[in-house]
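Here is a briefing on a single structure. Take a look at the model before reading on.

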Amino acid sequence: MNEKMIIQAKSVKKTYNTGKVIVPALRGLDLNVRQGEMVAIMGASGCGKTTLLNTLSGLDEIDEGVIEIDGRDLAQMKDKERTAYRAANMGFVFQFYNLLPVLTAVENVEMPLLLDDSRKIKAKEARQMAHAALAAVGLAEQADQRPAELSGGQRQRVTIARALVNNPAIVWADEPTGDLDSVTSQEIIELMRRLNQENGQTFVIVTHSLEIGEQCDRIIWMKDGQIVAEPQHVPANGKVNGQTNGQTNGQSNGRYREPILQPNSEPELIFVAN
Ligand SMILES: Nc1ncnc2c1ncn2[C@@H]1O[C@H](COP(=O)(O)OP(=O)(O)OP(=O)(O)O)[C@@H](O)[C@H]1O
Ligand SMILES: [Mg+2]
(Lines give C-alpha, C1' and ligand atoms only; values in the text may rest on other atoms or scores of the structure.)
(Ligands and ions follow the chains in the order given, each with its own letter.)
Protein backbone atom coordinates (compact mmCIF):
# COMPACT_ATOMS: atom_id res chain seq x y z
CA MET A 1 0.00 0.00 0.00
CA ASN A 2 0.98 3.58 -0.69
CA GLU A 3 2.80 5.07 2.30
CA LYS A 4 1.75 8.61 1.54
CA MET A 5 -0.61 10.10 4.11
CA ILE A 6 -3.61 11.62 2.38
CA ILE A 7 -5.39 12.62 5.60
CA GLN A 8 -3.47 14.10 8.51
CA ALA A 9 -5.25 15.51 11.54
CA LYS A 10 -3.38 16.84 14.54
CA SER A 11 -4.80 17.94 17.91
CA VAL A 12 -8.21 18.66 16.39
CA LYS A 13 -10.76 20.20 18.71
CA LYS A 14 -14.33 21.09 17.93
CA THR A 15 -16.98 22.26 20.35
CA TYR A 16 -20.61 22.88 19.51
CA ASN A 17 -22.15 25.80 21.32
CA THR A 18 -25.91 25.90 20.89
CA GLY A 19 -26.33 28.86 23.22
CA LYS A 20 -27.83 26.51 25.79
CA VAL A 21 -25.28 23.73 25.91
CA ILE A 22 -21.62 23.42 25.07
CA VAL A 23 -20.69 20.05 23.58
CA PRO A 24 -17.02 19.17 23.14
CA ALA A 25 -17.45 16.87 20.13
CA LEU A 26 -13.77 16.43 19.18
CA ARG A 27 -11.24 16.67 22.00
CA GLY A 28 -7.73 16.83 20.64
CA LEU A 29 -7.92 14.16 18.01
CA ASP A 30 -4.95 12.84 15.97
CA LEU A 31 -5.46 10.75 12.86
CA ASN A 32 -3.47 9.68 9.79
CA VAL A 33 -4.90 7.79 6.83
CA ARG A 34 -2.75 6.48 3.97
CA GLN A 35 -3.61 7.02 0.36
CA GLY A 36 -5.64 4.09 -0.94
CA GLU A 37 -6.56 2.90 2.54
CA MET A 38 -10.12 1.88 3.38
CA VAL A 39 -10.80 2.65 7.02
CA ALA A 40 -13.85 2.26 9.23
CA ILE A 41 -14.63 4.71 12.01
CA MET A 42 -16.57 3.11 14.83
CA GLY A 43 -17.75 4.03 18.29
CA ALA A 44 -20.85 4.65 20.35
CA SER A 45 -23.56 7.04 19.23
CA GLY A 46 -22.59 10.62 19.97
CA CYS A 47 -18.83 9.94 20.21
CA GLY A 48 -18.13 12.34 17.33
CA LYS A 49 -17.91 10.22 14.16
CA THR A 50 -20.08 12.43 11.95
CA THR A 51 -18.39 15.53 13.34
CA LEU A 52 -15.05 14.01 12.43
CA LEU A 53 -16.13 13.29 8.84
CA ASN A 54 -17.63 16.76 8.44
CA THR A 55 -14.50 18.49 9.71
CA LEU A 56 -12.00 16.30 7.84
CA SER A 57 -13.87 16.93 4.61
CA GLY A 58 -14.00 20.67 5.23
CA LEU A 59 -17.81 20.79 5.42
CA ASP A 60 -17.46 22.08 8.96
CA GLU A 61 -14.83 24.19 10.74
CA ILE A 62 -12.62 23.19 13.64
CA ASP A 63 -11.71 25.33 16.66
CA GLU A 64 -8.14 24.14 17.18
CA GLY A 65 -5.61 21.88 15.51
CA VAL A 66 -4.66 21.25 11.89
CA ILE A 67 -6.20 19.10 9.18
CA GLU A 68 -4.29 18.49 5.97
CA ILE A 69 -5.77 16.70 2.99
CA ASP A 70 -3.08 15.64 0.55
CA GLY A 71 -0.81 18.18 2.23
CA ARG A 72 -3.28 21.04 1.94
CA ASP A 73 -4.97 22.87 4.80
CA LEU A 74 -8.58 23.39 3.75
CA ALA A 75 -9.13 25.88 6.59
CA GLN A 76 -6.69 28.26 4.91
CA MET A 77 -8.67 28.24 1.67
CA LYS A 78 -11.34 30.78 0.80
CA ASP A 79 -14.89 29.34 0.76
CA LYS A 80 -15.08 29.17 -3.00
CA GLU A 81 -11.70 27.51 -3.32
CA ARG A 82 -12.58 24.98 -0.62
CA THR A 83 -15.89 24.16 -2.31
CA ALA A 84 -14.11 23.66 -5.63
CA TYR A 85 -11.43 21.52 -3.97
CA ARG A 86 -14.11 19.31 -2.44
CA ALA A 87 -16.00 19.01 -5.72
CA ALA A 88 -12.86 17.91 -7.55
CA ASN A 89 -11.29 15.65 -4.92
CA MET A 90 -13.99 14.27 -2.64
CA GLY A 91 -17.09 12.13 -2.91
CA PHE A 92 -19.79 11.90 -0.25
CA VAL A 93 -22.02 8.94 0.59
CA PHE A 94 -24.17 10.18 3.42
CA GLN A 95 -27.24 8.34 4.60
CA PHE A 96 -29.35 11.45 4.65
CA TYR A 97 -27.59 13.06 1.75
CA ASN A 98 -30.60 12.32 -0.32
CA LEU A 99 -31.07 11.87 -3.99
CA LEU A 100 -33.29 14.42 -5.67
CA PRO A 101 -36.65 12.67 -6.17
CA VAL A 102 -37.60 14.49 -9.36
CA LEU A 103 -34.39 13.54 -11.13
CA THR A 104 -33.64 10.16 -12.67
CA ALA A 105 -30.69 8.08 -11.48
CA VAL A 106 -28.43 9.31 -14.26
CA GLU A 107 -29.45 12.94 -13.67
CA ASN A 108 -28.67 12.59 -9.96
CA VAL A 109 -25.29 11.07 -10.71
CA GLU A 110 -24.22 13.74 -13.20
CA MET A 111 -25.11 16.55 -10.78
CA PRO A 112 -21.63 16.95 -9.20
CA LEU A 113 -20.10 17.22 -12.68
CA LEU A 114 -22.48 19.96 -13.76
CA LEU A 115 -21.91 21.83 -10.47
CA ASP A 116 -18.13 21.68 -10.82
CA ASP A 117 -17.44 25.10 -12.38
CA SER A 118 -13.70 24.60 -12.42
CA ARG A 119 -13.76 21.74 -14.93
CA LYS A 120 -16.35 23.04 -17.38
CA ILE A 121 -17.55 19.59 -18.33
CA LYS A 122 -19.96 19.62 -21.27
CA ALA A 123 -23.47 18.23 -20.72
CA LYS A 124 -22.94 15.38 -23.16
CA GLU A 125 -19.68 14.30 -21.53
CA ALA A 126 -21.23 14.56 -18.06
CA ARG A 127 -24.05 12.30 -19.20
CA GLN A 128 -21.57 9.73 -20.53
CA MET A 129 -19.55 9.81 -17.30
CA ALA A 130 -22.74 9.39 -15.25
CA HIS A 131 -23.76 6.36 -17.32
CA ALA A 132 -20.29 4.86 -16.83
CA ALA A 133 -20.50 5.41 -13.04
CA LEU A 134 -23.94 3.78 -12.92
CA ALA A 135 -22.62 0.84 -14.93
CA ALA A 136 -19.73 0.51 -12.46
CA VAL A 137 -22.19 0.03 -9.60
CA GLY A 138 -24.32 -2.40 -11.62
CA LEU A 139 -27.17 -0.03 -12.43
CA ALA A 140 -26.83 0.51 -16.18
CA GLU A 141 -30.40 -0.67 -16.69
CA GLN A 142 -31.88 1.64 -14.07
CA ALA A 143 -30.41 4.91 -15.38
CA ASP A 144 -33.78 6.44 -16.26
CA GLN A 145 -35.62 5.42 -13.10
CA ARG A 146 -36.34 7.92 -10.34
CA PRO A 147 -35.32 7.18 -6.72
CA ALA A 148 -38.88 6.18 -5.76
CA GLU A 149 -38.72 3.49 -8.45
CA LEU A 150 -35.56 1.93 -7.00
CA SER A 151 -34.93 -0.37 -4.02
CA GLY A 152 -33.05 0.92 -0.96
CA GLY A 153 -29.87 -0.85 -2.03
CA GLN A 154 -30.18 0.49 -5.57
CA ARG A 155 -30.71 4.00 -4.22
CA GLN A 156 -27.59 3.69 -2.12
CA ARG A 157 -25.68 2.47 -5.17
CA VAL A 158 -26.85 5.57 -7.06
CA THR A 159 -25.45 7.64 -4.17
CA ILE A 160 -22.15 5.78 -4.49
CA ALA A 161 -22.11 6.33 -8.27
CA ARG A 162 -22.71 10.03 -7.62
CA ALA A 163 -19.86 10.10 -5.09
CA LEU A 164 -17.51 8.40 -7.54
CA VAL A 165 -18.48 10.01 -10.82
CA ASN A 166 -15.67 12.56 -10.76
CA ASN A 167 -13.12 9.98 -9.66
CA PRO A 168 -12.38 11.64 -6.30
CA ALA A 169 -9.24 10.85 -4.30
CA ILE A 170 -11.25 10.42 -1.10
CA VAL A 171 -14.74 9.06 -0.51
CA TRP A 172 -16.43 9.87 2.81
CA ALA A 173 -19.29 7.58 3.81
CA ASP A 174 -21.44 8.14 6.90
CA GLU A 175 -23.33 4.96 7.77
CA PRO A 176 -23.72 4.02 4.11
CA THR A 177 -25.47 0.78 5.00
CA GLY A 178 -27.43 2.07 7.97
CA ASP A 179 -30.82 1.67 6.29
CA LEU A 180 -30.12 -1.58 4.49
CA ASP A 181 -30.67 -5.25 5.29
CA SER A 182 -27.58 -7.40 5.88
CA VAL A 183 -27.45 -8.91 2.38
CA THR A 184 -27.68 -5.51 0.70
CA SER A 185 -25.19 -4.03 3.20
CA GLN A 186 -22.73 -6.72 2.23
CA GLU A 187 -23.21 -5.95 -1.47
CA ILE A 188 -22.61 -2.25 -0.84
CA ILE A 189 -19.43 -2.83 1.17
CA GLU A 190 -18.12 -5.26 -1.46
CA LEU A 191 -18.83 -2.67 -4.13
CA MET A 192 -16.92 -0.01 -2.17
CA ARG A 193 -14.07 -2.45 -1.60
CA ARG A 194 -13.87 -3.25 -5.30
CA LEU A 195 -13.83 0.42 -6.27
CA ASN A 196 -11.20 1.06 -3.59
CA GLN A 197 -8.98 -1.69 -4.98
CA GLU A 198 -9.53 -0.93 -8.67
CA ASN A 199 -9.15 2.84 -8.45
CA GLY A 200 -6.88 3.20 -5.41
CA GLN A 201 -9.31 5.66 -3.86
CA THR A 202 -9.23 6.28 -0.13
CA PHE A 203 -12.45 5.38 1.71
CA VAL A 204 -13.37 6.64 5.17
CA ILE A 205 -16.51 4.84 6.33
CA VAL A 206 -18.43 5.53 9.52
CA THR A 207 -20.33 2.44 10.55
CA HIS A 208 -21.99 0.81 13.53
CA SER A 209 -21.48 -2.63 12.03
CA LEU A 210 -18.42 -4.60 13.14
CA GLU A 211 -19.00 -6.87 10.16
CA ILE A 212 -18.48 -3.90 7.84
CA GLY A 213 -15.56 -2.61 9.92
CA GLU A 214 -13.77 -5.94 9.70
CA GLN A 215 -13.80 -5.80 5.92
CA CYS A 216 -11.88 -2.53 5.92
CA ASP A 217 -8.09 -2.29 6.21
CA ARG A 218 -8.39 -0.87 9.70
CA ILE A 219 -10.96 0.11 12.30
CA ILE A 220 -10.45 3.46 13.98
CA TRP A 221 -12.25 3.45 17.30
CA MET A 222 -13.58 6.65 18.79
CA LYS A 223 -14.74 7.42 22.27
CA ASP A 224 -15.80 10.79 23.66
CA GLY A 225 -14.34 12.80 20.79
CA GLN A 226 -11.01 11.02 20.65
CA ILE A 227 -9.41 8.08 18.90
CA VAL A 228 -8.84 5.20 21.27
CA ALA A 229 -6.93 1.98 20.93
CA GLU A 230 -9.08 -0.97 19.94
CA PRO A 231 -10.90 -2.01 23.10
CA GLN A 232 -8.92 -4.80 24.76
CA HIS A 233 -11.98 -6.92 25.39
CA VAL A 234 -12.88 -7.34 21.71
CA PRO A 235 -12.52 -11.09 21.20
CA ALA A 236 -9.86 -12.21 18.72
CA ASN A 237 -12.49 -13.64 16.36
CA GLY A 238 -14.19 -10.24 16.32
CA LYS A 239 -17.53 -11.75 17.22
CA VAL A 240 -19.72 -9.65 19.36
CA ASN A 241 -22.72 -10.98 21.14
CA GLY A 242 -25.33 -8.57 22.33
CA GLN A 243 -27.46 -11.11 24.19
CA THR A 244 -26.03 -10.72 27.65
CA ASN A 245 -26.42 -7.01 27.25
CA GLY A 246 -30.10 -7.53 26.66
CA GLN A 247 -30.96 -4.07 25.46
CA THR A 248 -29.83 -2.94 22.07
CA ASN A 249 -30.70 -0.01 19.91
CA GLY A 250 -31.91 -2.30 17.17
CA GLN A 251 -28.98 -1.98 14.77
CA SER A 252 -29.75 -5.03 12.70
CA ASN A 253 -27.06 -5.40 10.11
CA GLY A 254 -23.95 -6.21 12.10
CA ARG A 255 -22.67 -8.03 15.10
CA TYR A 256 -21.87 -4.90 17.03
CA ARG A 257 -24.65 -3.96 19.38
CA GLU A 258 -24.81 -0.61 21.01
CA PRO A 259 -26.32 -0.35 24.46
CA ILE A 260 -29.35 1.82 24.99
CA LEU A 261 -28.05 4.68 27.06
CA GLN A 262 -29.71 5.59 30.28
CA PRO A 263 -30.12 9.34 30.82
CA ASN A 264 -26.86 10.87 32.06
CA SER A 265 -24.91 7.70 31.47
CA GLU A 266 -21.56 7.85 29.70
CA PRO A 267 -21.60 6.32 26.23
CA GLU A 268 -19.68 3.09 26.32
CA LEU A 269 -19.06 0.20 23.97
CA ILE A 270 -20.09 -3.15 25.29
CA PHE A 271 -18.52 -6.29 23.88
CA VAL A 272 -19.23 -9.75 25.06
CA ALA A 273 -17.19 -12.77 24.01
CA ASN A 274 -19.05 -15.79 22.70
N1 LIG B 1 -25.00 20.84 15.26
C2 LIG B 1 -24.79 20.44 16.51
N3 LIG B 1 -25.03 21.28 17.55
C4 LIG B 1 -24.79 20.88 18.82
N5 LIG B 1 -24.30 19.68 19.17
C6 LIG B 1 -24.04 18.81 18.18
C7 LIG B 1 -24.27 19.14 16.81
N8 LIG B 1 -23.92 18.07 16.05
C9 LIG B 1 -23.49 17.13 16.90
N10 LIG B 1 -23.58 17.56 18.18
C11 LIG B 1 -23.17 16.82 19.39
O12 LIG B 1 -21.81 16.45 19.23
C13 LIG B 1 -21.57 15.12 19.69
C14 LIG B 1 -21.03 14.28 18.55
O15 LIG B 1 -22.06 14.14 17.57
P16 LIG B 1 -21.87 13.29 16.24
O17 LIG B 1 -23.03 13.56 15.37
O18 LIG B 1 -20.52 13.58 15.68
O19 LIG B 1 -21.89 11.80 16.81
P20 LIG B 1 -21.84 10.40 16.05
O21 LIG B 1 -20.70 9.65 16.63
O22 LIG B 1 -21.87 10.62 14.60
O23 LIG B 1 -23.19 9.71 16.54
P24 LIG B 1 -24.17 8.71 15.76
O25 LIG B 1 -23.50 7.37 15.77
O26 LIG B 1 -25.40 8.73 16.62
O27 LIG B 1 -24.42 9.26 14.39
C28 LIG B 1 -22.91 14.63 20.24
O29 LIG B 1 -22.90 14.82 21.63
C30 LIG B 1 -23.93 15.53 19.58
O31 LIG B 1 -25.06 15.71 20.40
MG1 LIG C 1 -23.29 10.20 13.09
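Predicted model: local features only at pLDDT ≥ 70, side-chain atom pairs only at ≥ 80, totals over all residues.

Residues are numbered from 1 along each chain as its sequence is written, while chains are lettered from A and ligands numbered from 1 in the order in which they are written.

The protein chain holds 7 helices and 10 strands. Helices (H or I, at least four residues) and strands (E, at least two) are DSSP runs, numbered from the N terminus.

**Overall make-up**

- Of the 274 residues in the protein chain, 37% are buried. A residue is buried if 20 or more other C-beta atoms lie within 10 Å of its own, exposed if 12 or fewer, and partly exposed in between; C-beta atoms are placed from the backbone.
- Among contacts in the protein chain with a separation of 6 or more, 72% link residues 24 or more positions apart. Two residues are in contact if their C-beta atoms, placed from the backbone, lie within 7 Å.

**The antiparallel open sheet**

- An open sheet is built from 4 strands in the order β2-β1-β4-β5, with antiparallel pairing. Its edge strands are β2 (22–34) and β5 (72–73), each pairing on one side only.
- Two strands pair if DSSP finds at least two bridges between them. Strands of a sheet pair through backbone hydrogen bonds, either parallel or antiparallel.
- β1 and β4 run antiparallel and are joined by 5 bridges. Alanine 9 has isoleucine 67 in β4 as its bridge partner.
- β4 (residues 64–69) and β5 are antiparallel over 2 bridges. Here isoleucine 69 has arginine 72 in β5 as its bridge partner.
- The hairpin of β4 and β5 has 2 residues between the strands. Aspartate 70 in this hairpin takes a positive phi near 50°.

**Pairings of β9**

- β3 (residues 38–42) and β9 (residues 218–223) run parallel, joined by 4 bridges. Alanine 40 has isoleucine 219 in β9 as its bridge partner.
- β9 and β10 (residues 226–228) run antiparallel, joined by 3 bridges. Tryptophan 221 stands opposite valine 228 in β10.
- β9 and β10 form a hairpin with 2 residues between them. In the turn, aspartate 224 has a positive phi of about 50°.

**Core and helix packing**

- The largest nonpolar core has 60 residues. Such a core is a set of buried Ala, Val, Leu, Ile, Met, Phe, Trp, Tyr and Cys residues joined through C-beta atoms within 7 Å.
- Ile41, Val109, Leu134, Ala161, Val204 and Ile205 touch the most other members of this core.
- Not counting residues up to four places away in sequence, valine 204 touches Val33, Val39, Ile41, Leu53, Ile170 and Trp172.
- Helix α3 (residues 105–115) has buried residues Ala105, Val106, Asn108, Val109, Glu110, Pro112 and Leu113. They pack against α2 (79–89), α4 (123–136) and α5.
- Alanine 130 is found in helix α4. Alanine 130 is buried because 25 other C-beta atoms lie within 10 Å.
- Leaving aside neighbours within four places in sequence, alanine 130 is in contact with Val106, Val109, Glu110 and Val165.
- Alanine 130 and asparagine 108 are 22 residues apart in sequence and 8.6 Å apart in space, C-alpha to C-alpha.

**Shell around ligand 1**

- The residues around ligand 1 are Tyr16, Thr18, Val23, Ala25, Ser45, Gly46, Cys47, Gly48, Lys49, Thr50 and Thr51. A residue is near a molecule if its C-beta atom, placed from the backbone, lies within 6 Å of it.
- β2 and α1 (49–56) each supply at least two residues of this shell. α1 gives the most, with 3 residues.
- The shell has 4 nonpolar, 6 polar and 1 charged residues. Ala, Val, Leu, Ile, Met, Phe, Trp, Tyr, Cys and Pro count as nonpolar, Asp, Glu, Lys and Arg as charged, and the others, Gly among them, as polar.

- Serine 11 has a positive phi near 50°, in a residue other than glycine. Serine 11 lies in strand β1 (residues 5–17).
- Serine 11 is partly exposed because 13 other C-beta atoms lie within 10 Å.
- Asparagine 167 has a positive phi near 55°, again in a residue other than glycine. Asparagine 167 sits in the loop between α5 (152–164) and β7 (170–174).
- Asparagine 167 is exposed because 12 other C-beta atoms lie within 10 Å.
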